[in-house]
Amino acid sequence: MICFAKHAEILVHDAQYLHEEYIDRVGWGHSSIEQALENARKSQVRKILLTHHDPARTDKDIQEIHKKLRSSKKYIGIDFEFACEEINYDVSK
């Protein structure tokens with residue numbers, strides 16, 4: 001379990017790479033999207049906001065990744081969104 005975030009209302013987490021991209025970038029100071037989602041599960045956070053996207057990704061790319069992950073049985077029960085510029089996120093209960 002990730003103790004510092006245990007039961008947090010929202011966790012803002014770096015998620016720059018997909019797992020297959022991350023393998024060649026270990027040590028660069030970033031996380032994979034899948035690592036972030038597993039940290040959210042282990043921490044039992046209410047919601048995770050994935051941020052710091054790979055600059056080469058388009059909005060369409062991010063939307064497709066989001067859709068794919070939402071449909072994955074592996075991430076059922078994790079409330080997650082990809083951060084987006086100029087959008088406010090309500091973190092109140």
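Start by selecting Glu-9: at 28% relative accessibility, Glu-9 counts as partly exposed (buried means under 20% relative accessible area, exposed over 50%, and partly exposed in between, with a 1.4 Å probe and protein chains only). Before you click further, note that this is a predicted model, where local features need pLDDT of at least 70, side-chain atom pairs count only at pLDDT 80 or more, and totals for chains, interfaces and linings use all residues. Residues are numbered from 1 along each chain as its sequence is written, and side-chain values use heavy atoms, with hydrogens and water left out.

**Stop 1: the partner of Glu-9**

Arg-46 sits in the loop between helix 2 (33–43) and strand 2, while Glu-9 is in the segment before strand 1, so the pair ties together parts that are 37 residues apart in sequence. Helices (H or I, at least four residues) and strands (E, at least two) are DSSP runs here, numbered from the N terminus. Arg-46 is partly exposed as well, at 46% relative accessibility.

How many salt bridges does the rule give? The count comes to six.

**Stop 2**

Select Asp-79 and Lys-47 next. Their side chains form a salt bridge with 3.8 Å between N and O. This pair links distant parts of the chain, with Asp-79 in the loop between helix 3 and strand 3 and Lys-47 in strand 2, 32 residues apart. Asp-79 is partly exposed at 34%, and Lys-47 is partly exposed at 21%.

Keep Asp-79 selected and bring in Arg-70. The two form a salt bridge, their closest N and O atoms being 4.0 Å apart. Arg-70 has a relative accessible area of 37%, which makes it partly exposed.

**Stop 3: the strands**

Switch to the cartoon view and colour strand 1 (residues 10–14) and strand 2. They pair in the parallel sense over five bridges (two strands pair if DSSP finds at least two bridges between them). For a landmark, pick Val-12, which stands opposite Leu-49 in strand 2.

Then colour strand 3 (residues 80–82). Strand 2 and strand 3 pair in the parallel sense too, over three bridges. Which residue of strand 3 stands opposite Leu-50? Phe-82 does.

**Stop 4**

Zoom in on Pro-55, in the loop between strand 2 (47–51) and helix 3 (59–70). Is Pro-55 buried or exposed? It is exposed, with a relative accessible area of 71%. Now show Gln-16: Pro-55 and Gln-16 are 39 residues apart in sequence, and their C-alpha atoms are 8.5 Å apart in space.

**Stop 4: the largest pocket**

The largest pocket holds about 320 Å³ of space. On a 1 Å grid over the protein atoms alone, a pocket is an open set of points with protein on both sides within 12 Å along at least five of seven lines, and lining residues have an atom within 4 Å of a point. To get to the centre, select His-53, Asp-59, Ile-62, Ala-83 and Cys-84, the closest to it of the 15 lining residues. Helix 3 and strand 3 are the elements that give two or more residues to the lining, and helix 3 supplies the largest share, four residues.

**Stop 6**

His-7 has a positive phi of about 60° although it is not a glycine. You will find His-7 in the segment before strand 1, partly exposed with a relative accessible area of 47%. Then go to Gln-44, in the loop between helix 2 and strand 2. Phi of Gln-44 is near 60°, again a positive value in a residue other than glycine, and Gln-44 counts as partly exposed at 42%.

Definitions and conventions
1 Å grid on protein atoms, 1.4 Å probe; cavity = no way out; pocket = protein on both sides within 12 Å on 5 of 7 lines; lining within 4 Å. Points joined across faces, edges and corners; volume = space filled by probe spheres on them.
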